[in-house]
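Here are my notes for your read-through. Please keep the model open beside them.

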Amino acid sequence: MAAKPSLADQGYVKIQLSDGGYIETLWAVRLKPGQDRFRLDNSPFFAYRISEADIVEGTYIADGFYEFVRVTERSGNRTVRLTFGDEKADTPEAERVLNGIIALGCNYEGMFNKLVSITVPPEVLLEDLASYLISTDLQWEHADPTYVDLFGDD
């Protein structure tokens, strides 16, 4: 049986983001051959002011690997991050919270079952997700837009 083609074999590249002392790489798809513009294909865990499906510019580092330069076109998605912590990861409570996020119309990606990056599509009210997350008593943050972007330096 033939091996399943990797994401790189399917035309995906990695975009390296550096923010707040963290470096992460996101999968992305090149928009047009010969151009260094890409559509992000997953949600960031550490970077701010960037979301899944945003169009970004990258600078070539190595084959299939680019350094993030800037967002050139916003997708309309927003990013919120949620932390379960050691005591709440992999519990029925965590599963209920994640099911609630999906029920609101959002999707998510998890890292080590503790950190969750939530993609909030344009048709979902950010306030609805915020109200839901406040009701969970878990730690969470606005990542794109950030809290300061939304409410200023209060």
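This is a predicted model: local features need pLDDT of at least 70, side-chain atom pairs count only at pLDDT 80 or more; totals for chains, interfaces and linings use all residues.

In what order do the five strands close into a barrel?

1. The barrel order is β1-β2-β3-β4-β5. Its pairing is mixed. From one strand to the next, the twist averages 55°.

2. Look next at β1 and β5. β1 covers residues 12-19, and β5 covers residues 65-73. The two strands pair in the parallel sense, over three bridges. In general, strands of a sheet pair through backbone hydrogen bonds, either parallel or antiparallel.

3. Now helix α1, residues 92-103. Its 12 residues should span 16 Å at 1.5 Å a residue. The end C-alpha atoms are 16 Å apart, which agrees.

4. Which residues of α1 are buried? They are Ala94, Val97, Leu98, Gly100 and Ile101. Seen down the axis of α1, these buried residues fall within an arc of 155°, so they line one face of the helix. An α-helix has 3.6 residues a turn, so residues three or four places apart point the same way.

5. The face of α1 turned away from the buried side carries exposed residues: Pro92, Glu95, Arg96 and Ala103.

6. Check the backbone after α1 as well. Gly105 follows the helix, and its phi is positive, near 105°.

Methods: Residues are numbered from 1 along each chain as its sequence is written. Side-chain values use heavy atoms; hydrogens and water are left out. Two strands pair if DSSP finds at least two bridges between them. Helices (H or I, at least four residues) and strands (E, at least two) are DSSP runs, numbered from the N terminus. Axes are lines fitted to C-alpha atoms, for helices over the stretch in contact, and angles run from 0 to 180 degrees between N-to-C directions. The expected span of a helix is 1.5 Å times one less than its number of residues. Buried means under 20% relative accessible area, exposed over 50%, partly exposed in between (1.4 Å probe, protein chains only). The arc is that of the directions from the helix axis to the C-beta atoms.
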